[in-house]
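Please open the model in your viewer and keep the sequence beside it. We will go from one selection to the next, and at each stop you can check what is there.

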Amino acid sequence: MSKIAFIGDRDSVWGFKAFGITALPATGTEEARDAFTAAVKQGHAIIFVTEDVYEACSEQIAEYRDQALPTVTVLPSVKGSRGIATAEIHKAVSAAVGADILSVSGDN
């Protein structure tokens, strides 16, 4: 059993199967929520989700935010980024470091 899962549209997730990652294609809110629940129940330690899945499962994902596992990471889909993944990574790094080190400042 793979300890890493990727949930998202079929085009975004299938390529990751070559790396031994469990691909869980999901179209629509219900499929995304069911896939996320299944990934957690199957014991995946790391769950990658596309931005669409993140929006559909935000309440479920929030339940695990303060737990060590599973770690949920938002990635853009093959359709491109809407900025959600970048914002979530920015928040996580700021919380871990205790400072906003990723902001670009024009004051050099």
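**A tour from the sheet to a helix**

Begin by selecting Ile 7, whose bridge partner in E3 is Val 49. Helices (H or I, at least four residues) and strands (E, at least two) are DSSP runs, numbered from the N terminus. This is a predicted model, in which local features need pLDDT of at least 70 and side-chain atom pairs count only at pLDDT 80 or more, while totals for chains, interfaces and linings use all residues. Residues are numbered from 1 along each chain as its sequence is written, and side-chain values use heavy atoms, with hydrogens and water left out.

Next, select E1 together with strand E3 (residues 46–50): the two run parallel and are joined by four bridges, where two strands count as paired if DSSP finds at least two bridges between them.

Finally, select Glu 88, which lies in helix H5. Is Glu 88 buried or exposed? Glu 88 counts as buried because its relative accessibility is 14%, and buried means under 20% relative accessible area, exposed over 50%, partly exposed in between (1.4 Å probe, protein chains only). Leaving aside neighbours within four places in sequence, Glu 88 is in contact with Tyr 54, Arg 65 and Val 74.

Methods. Contact means heavy atoms within 4.5 Å.
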